[in-house]
Amino acid sequence: MSTEFSENNEEPIIPEELPLLPIRDVVVYPYMILPLFVGREPSIKAVNEALSKDRLIFLAAQKEITDENPSPDTIYPVGTVAMIMRMRRLPDGRIKILVQGLTKGTILSYPQEKPFFNVRIKQIQEPVITRETVEVEALMRTVKEQLEKVISLGRMLSPDILMVVDDINDAGRLADLIASNLGLKVNEAQEILELFDPADRLKKIHEILVKELEVLAMQARIRSNARDEMTKSQREYFLREQIRAIKNELGDTESKTEEIQELRNKVENSKMPDEVREEALKQLGRLERMHQDASEATIVRTYLDWLIEIPWGVFTHDTLDLDEAQKILDEDHFDLKKIKERILEFLAVRKLKPNMKGPILCFVGPPGVGKTSLGKSIARAMGRKFIRISLGGIRDEADIRGHRRTYVGALPGRIIQGLKQAGSANPIFMLDEIDKLGADFRGDPASALLEVLDPEQNFSFRDHYLNLPFDLSHVMFIATANLIDPVPSALRDRMEVIQLSGYSQEEKLKITKQFLVEKQAEENGLKPGDLQLPDAALARVIEQYTQEAGLRNLERHIAAICRKVARKIASAKDGKRPVTEISPKDIPKYLGPPKYLREEERDMDEIGVATGLAWTQFGGEILNIEVTKMRKNGGGLILTGSLGDVMKESAQAALSFVRTNSALFGILDKDFARYEIHVHVPQGATPKDGPSAGVTLTTAIISLLTGNPVRKDVAMTGEVTLRGKVLPVGGIKEKVLAAMRQGIKTLILPYRNQKDLDDIPKEMRKKVKFVFAKELGDVLKAALVHEPAEWSKQLSDTDLDGQAVPATTPRSAKSYHIA
């Protein structure tokens, strides 16, 4: 292959059209020799095209280094015509070429773009300096001196460059040589390439070298300052190395340094507050100076591990989509509208004010109504971690605040342990059974919780073990309790109490159909269609096999049915899955004889028998209070049925009221002297107490002494005073549900308890007639079969100011138990 040269045989003749090789990160200058690796397919074809002709190729830099498929718009128009001196094919498919720049050129057009670029170029003839001026000579000397200084300040350049530079007398070539060795950015190198006047190029190189010298001088000062700083560090390092050598001589060869460094890195990389990080580094320094066998070293190491693993400043992102949160809460729980509304309100405020403090809620209700599972649903709806600790039986304050590190085996309290377990500083933290906290000589855990549950204090909660502040204000605390009375008033004041009453039979039926049957069928390996439980069968299970406000026993019975069905399917020999449909009469085959039978309905209106309503922690109950009289000289009152003191006082107050107003009822005074009155409440093995049986006791006594029967379909509740006033009581919802289960049609309630009916669904309120009584006359009108208009009106209108003051002070409805 021959190459044409000019007549003086020094330079080849440059054709007007050449293949183009776009290059990424370098600018090639004339007379510059360098290797290039070619990997792109169009570029390889361009090289092959050049090798098949005159070995000449046009090199132009890309504007974007990362561009894999450059276009004419992304290639600089000014480049260099180069000669391919050598070519070698590499095993990975690339080729390596050695090129030498010959002359500059400008791209005029792109006659061909595929399969490779072919460009029409115009060769650039630089102006020739025939005689060096004083300015050019001064520039060349200055540039050479600056280059020497750059190398002396530590810039890594080719060791032979100074010798080559000394032999160059051409200003343009000197500028190109220095520019190619300074490692300039592509845009800066291209700017120099596009300066065609040698003197201008030399001035530009002078400016670049001045800037480079300033940077290198600053680096030198920084290194000098750093060297002074390192002197002290090196001295400490040498001392530590000497200590290590001494330990090695003594046989103490443990890799303690690596362990200390690992702890230090963890401390530095954590999000600890400055106060905590300062304490951690202080303790780390102590650990570094201790022998590993020292007893205190273990204590310090454990303390550091706790500091590192606690989630300082680690937060999960709250899900603030109210519709999605509503959907999750509805999926997991039936009804509970008030609690769901409260959670959605919190999310709405959190959306408007991201830095708000977490609420402190307290769910109060009987066992099995879903308090704990509701906390899990709240965490799932908000996208937070869920942590639960049980406070039942805790008597030591250290369980909340932790032990001081002076004690052997000391640990942080349950609050800090829960946060470590959660791995975030804003979990949903459930304090279960807060009403069962104890207290003894070791302290009062309830008092320790005052700081935890107070938004004005818990932003700097100090655990005794850590002895450092931790911000609990982002934590959402949810406490649970069966009764609110045992919770100290100061602690109760810090929580927003939300009552969860028991479920009615209708609600239990809906929950069982929607949740429990499907859940237990899945857990016991049943497929959809294997078990069919109609509503009537479920209703019998609810009514005759459970007697609770919650759902735990009901779920156990559903699970028992599913297990028996699963056994039946597993025992099938033909391999088919039989479908089991259970009717109400089949329930005893699966669960045995009924455990609870409904209180027998009164089949007739009776004298001296009145139906009362009671509240228990398992829900509402009805009580048939019976009163009879016996001849005895001197009269008196007999009370049986395991009655408590408050209920005994209510019976005595009822009798006193009747004796005081005997003339109004047509009762002779001598009857009280001739007869002894016996009050009995059935189910004598069950303790009963509370004031809300007052109206029932009074009605039964009046019915007995007047011979006026009490309606069998009427039930009542309320406290009565010696003046005949009917006072409000608690547990209205549970009592109403109990009456409805028994088939009661009329309910007599205190007038001031009308507000409590809002908690009862409207469709259920329509099934019962409510009578609201202000005074006992209102009760007697609705309860007794025969209404003596004369004395009932007199009783409601009579001024009883002259009568005795009530023997007992009315108690708060929140303290009622049974009755």
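User: In which sense do strand 7 and strand 13 pair, and over how many bridges?

Analyst: Let's start with the general idea: strands of a sheet pair through backbone hydrogen bonds, either parallel or antiparallel. Here, strand 7 (residues 360-364) and strand 13 pair in the parallel sense, over 4 bridges. Two strands count as paired if DSSP finds at least two bridges between them. Helices (H or I, at least four residues) and strands (E, at least two) are DSSP runs, numbered from the N terminus. Within this pair, Val364 stands opposite Gln499 in strand 13.

Before we go on, please note that this is a predicted model: local features need pLDDT of at least 70, side-chain atom pairs count only at pLDDT 80 or more, and totals for chains, interfaces and linings use all residues. Residues are numbered from 1 along each chain as its sequence is written, and side-chain values use heavy atoms, with hydrogens and water left out.

User: What is the strand order in the open sheet?

Analyst: The order is 8-9-12-7-13, with 5 strands and parallel pairing. Strand 8 (386-390) and strand 13 each have a single partner strand, so they stand at the edges, with one side of each left without a neighbour in the sheet. From one strand to the next, the twist averages 20°. Axes are lines fitted to C-alpha atoms, for helices over the stretch in contact, and angles run from 0 to 180 degrees between N-to-C directions.

User: Which strands does helix 12 touch?

Analyst: Contact means heavy atoms within 4.5 Å. Helix 12 (residues 371-382) packs on the sheet and touches strand 7, strand 8, strand 9 (428-432) and strand 12 (476-481). The direction of helix 12 makes about 175° with that of strand 9. Helix 14 (residues 414-422) lies across strand 8 and strand 9, and runs at about 150° to strand 8.

User: How many salt bridges does the structure hold?

Analyst: Side chains of opposite charge can pair when their charged atoms come close. A salt bridge is a side-chain nitrogen of Lys or Arg within 4 Å of a carboxyl oxygen of Asp or Glu. The structure holds 35 of these salt bridges. One of them joins Asp176 and Arg201, with the closest N and O atoms 3.0 Å apart. This pair links distant parts of the chain, from helix 4 (residues 171-181) to helix 6 (residues 198-249), 25 residues apart.

User: Are Asp176 and Arg201 buried or exposed?

Analyst: Buried means under 20% relative accessible area, exposed over 50%, and partly exposed in between (1.4 Å probe, protein chains only). Asp176 has 6%, so Asp176 is buried, and Arg201, at 0%, counts as buried.
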